[in-house]
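Thanks for coming. I will take a few minutes to walk through one structure, and you can follow along on the screen.

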Amino acid sequence: MIQWTGLAVFLMAIFIAVPSFIAAAGRSDLYYTLTAVALLSIASAGVWLTFYIGRINIGQGAFALIGAYVSAILVTKAGMSFWLSLPLAGLFAAGVAVVIGVPILRLRGVYFAMISLVLTQVVTLTALALPVTNGAKGITSIPLPGGVSILGLTLVPDFATLENPRLAFYYAACVLMVLTFGAMYRLVNSRLGHLCRSMQQNEELASSIGVNISYIRVIVFAISSFLGGIGGAMFGSIAQSVYPSSFQVADSVNFMLNCFLGGLGYVFGPMLGTLVLYFGWDLLFELGRFQLLAYSSLLIILMLFLPNGLLSMRLPGKKGTDK
Amino acid sequence: MEQILANGIYLGAQYAMIALGLTLIFALMNVLNFAHGQMYVLGGFVTYTFYGQLGWPFVLALLASCLTLAVLGALIERFLFAPVIRRSSREESTMLLAAGLAFFFDAVILLVFGEKQRGVPKIVDGVFNWDFRLIMPYDRILICVLAILSIVSFILFMQYSKTGRALRALAQDRTAAQLMGVNVAQYSMIGFALGAMLAGLVGGLLVTITGVNLGMGGPTSIKAFMMVMIGGAGVISGAIAGGIILGFLEAIGLAVLSQYGDITYLLIFVSLMIFLAIRPQGLMGKPWG
């Protein structure tokens with residue numbers, strides 16, 4: 001019961017309270033920040049899922065970049081609708097993840113962490129080298145997403161005709177985020193989620209009682225990369241441009257930090273972590289040249305006092321709900 | 001050909017030293033030190049300040065770099081990594097701390113030294129020229145020799161001194177080392193300080209050739225990760241092998257493929273991934289380190 005109320009409050013907050021607050025305060029620049037938070041948290045959710053099977057994933061930037069490029073190429077070169085290219089970008093990223101994942105998911109611990117870090121570099125350098133991605137110049141002036149209508153009923157309006165495309169992007173990103181985290185919550189509490197937890201604790205043991213670990217870890221990695229691809233594609237569409245430097249090693253590291261900060265044991269950790277990290281960085285902008293110093297000091301202090309993530313902070317008297 | 005080999009040795013020796021520090025910290029504490037590249041940059045800036053700005057002799061400036069980084073490393077271990085490792089439920093949490101430290105060092109370097117590229121006067125003038133087949137400035141040769149000497153003395157230290165033996169025991173099995181009477185907390189701190197000191201030493205050596213700037217930290221960390229992966233995480237001989245292999249790959253790649261731009265690195269990365277898919281623990285690492 002409490003869960004449903006919580007969900008309703010959350011949905012009200014992001015779909016009604018935040019837009020009306022922004023309209024009242026006249027800070028429409030906040031839409032961009034919040035949209036970015038929503039999209040980055042989708043990609044971070046993917047990273048979180050690979051943590052859930054006990055792999056440290058610092059390669060989400062690679063899949064976000066792949067997604068952004070696939071969507072951009074489909075929209076600009078093939079003239080496809082953005083809404084169709086979005087799932088295709090995710091699926092393409094997932095396909096790449098399966099091909100790469102089969103060999104590299106055999107690695108564990110720091111080896112996987114480091115190879116996924118290298119993966120980000122590989123994708124960036126490939127984007128620089130391939131002709132279809134247009135090298136360092138990138139793909140620019142991607143058209144805004146068009147409308148979707150079924151039987152004359154407009155489901156999604158054409159973004160280019162809207163007077164406030166920022167608000168439209170905000171809603172689209174929030175819907176995607178809600179869907180993503182809904183799916184994540186469902187997945188973690190499903191049979192697959194239980195199998196993932198068993199793998200996180202001990203892969204050999206899980207394998208010995210009949211869990212097909214190599215199959216599950218590829219599936220999970222593919223889902224994770226799918227989310228990365230979707231997040232990246234949407235990001236490219238908002239920025240209307242994609243460059244090889246759109247997602248770099250630093251972004252991959254940030255996706256991972258979002259998960260750590262929110263807490264690795266909690267499904268909604270990546271969402272909170274992204275919000276705090278991204279907003280924190282923006283808020284500290286006032287400090288000018290001390291921004292990075294304050295930001296990193298806060299990170300270190302948070303880590304010292306809450307090493308298991310923000311959500312590990314318990315309200316007194318409330319029973320913890322480990323997910 | 002001779003030129004490529006000489007470049008390979010030169011690059012390999014300095015890379016191996018960077019990788020040594022990283023692998024030492026990893027072996028002792030299971031910490032992937034994201035801030036290693038930043039420590040290297042910091043070492044470079046300390047030498048720059050003392051040698052380039054204040055006019056101290058180069059050797060003294062180098063010692064100052066080592067000392068600063070060693071003290072810094074010890075403090076970081078005692079007050080940051082040790083408590084976090086103790087409190088956290090998953091040991092990967094130290095990665096967030098290490099990344100935070102990397103940002104922190106970047107910020108400090110930016111505030112104290114600025115974002116400009118800094119260089120120091122040459123320590124030795126002149127160029128070694130063997131019939132135009134092999135051209136190498138004398139200062140590069142000197143730095144290369146110094147790097148090799150430091151690596152050798154580091155290995156001797158780890159093999160034959162009491163501290164080195166304790167550190168190796170710690171890397172092999174923490175609990176067993178503790179049962180044998182090794183003061184685990186103290187030697188973890190010494191090990192971390194030693195790793196940081198190596199980073200500072202390389203930074204101080206290289207500032208005389210490449211100069212130093214704020215942006216070098218991140219890419220250096222990534223290169224160090226690659227070397228450690230090639231050789232096997234947490235193995236000292238592996239780190240040296242990885243450093244030399246990467247140095248040679250880079251020297252050969254840059255000489256042969258220079259007209260194709262960044263393709264050298266793409267090839268190195270891809271072959272590294274294929275190599276690790278076949279041999280996940282690197283050349284000499286323990287499986288599932």
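One term before anything else: a residue is called buried if 20 or more other C-beta atoms lie within 10 Å of its own, exposed if 12 or fewer do, and partly exposed in between, with C-beta atoms placed from the backbone. This is a predicted model, in which local features need pLDDT of at least 70, side-chain atom pairs count only at pLDDT 80 or more, and totals for chains, interfaces and linings use all residues. Residues are numbered from 1 along each chain as its sequence is written, while chains are lettered from A and ligands numbered from 1 in the order in which they are written.

Chain A to begin with. It has 12 helices and two strands, where helices (H or I, at least four residues) and strands (E, at least two) are DSSP runs numbered from the N terminus. Along the sequence the order is α-α-α-α-α-β-β-α-α-α-α-α-α-α. The radius of gyration of chain A is 20 Å, close to the 20 Å that the globule rule gives for 323 residues, so chain A is as compact as a globular protein of that length. That radius is taken over C-alpha atoms, and the rule is 2.2 Å times the number of residues to the power 0.38. Of those 323 residues, 46% count as buried.

Now helix α10 of chain A, residues 249-262. This helix has 14 residues and reaches 20 Å from its first C-alpha to its last, close to the 20 Å expected; the expected span is 1.5 Å times one less than the number of residues. Of its 14 residues, 13 are buried. After α10(A) comes A:Gly263, with a positive phi near 120°.

What does α10(A) pack with at an angle of about 70°? The partner is α2(A), residues 29-52, and the two axes are 8 Å apart. Axes here are lines fitted to C-alpha atoms, for helices over the stretch in contact, and angles run from 0 to 180 degrees between N-to-C directions. That makes α2(A) roughly perpendicular to α10(A), a label for angles of 65 to 115 degrees; under 35 is roughly parallel, over 145 roughly antiparallel, and the rest oblique. On the α2(A) side the contact includes A:Ser44 and A:Trp48, and on the α10(A) side A:Phe255 and A:Cys259 are among the residues. Contact means that two C-beta atoms, placed from the backbone, lie within 7 Å.

A:Ser44 itself is buried, with 30 other C-beta atoms within 10 Å. Setting aside neighbours within four places in sequence, its contacts include A:Asn258, A:Pro270 and A:Thr274. A:Gly231 is 187 residues from A:Ser44 in sequence, but 9.1 Å away in space, C-alpha to C-alpha.

Next, the contact between the chains. It takes 43 residues from chain B and 38 residues from chain A. On the chain B side, α4(B) gives the most, with 14 residues.

Last, α9(B), one of the helices that supply at least two residues to that side of chain B. Its length is 15 residues. Of these, 12 are buried, so α9(B) is largely enclosed by the rest of the structure. The buried ones include B:Gly217, B:Lys223, B:Phe225 and B:Gly231. They pack against α5 of chain A, together with α1, α2, α4, α10 and α11 of chain B. Just after the helix, B:Gly232 takes a positive phi of about 110°.
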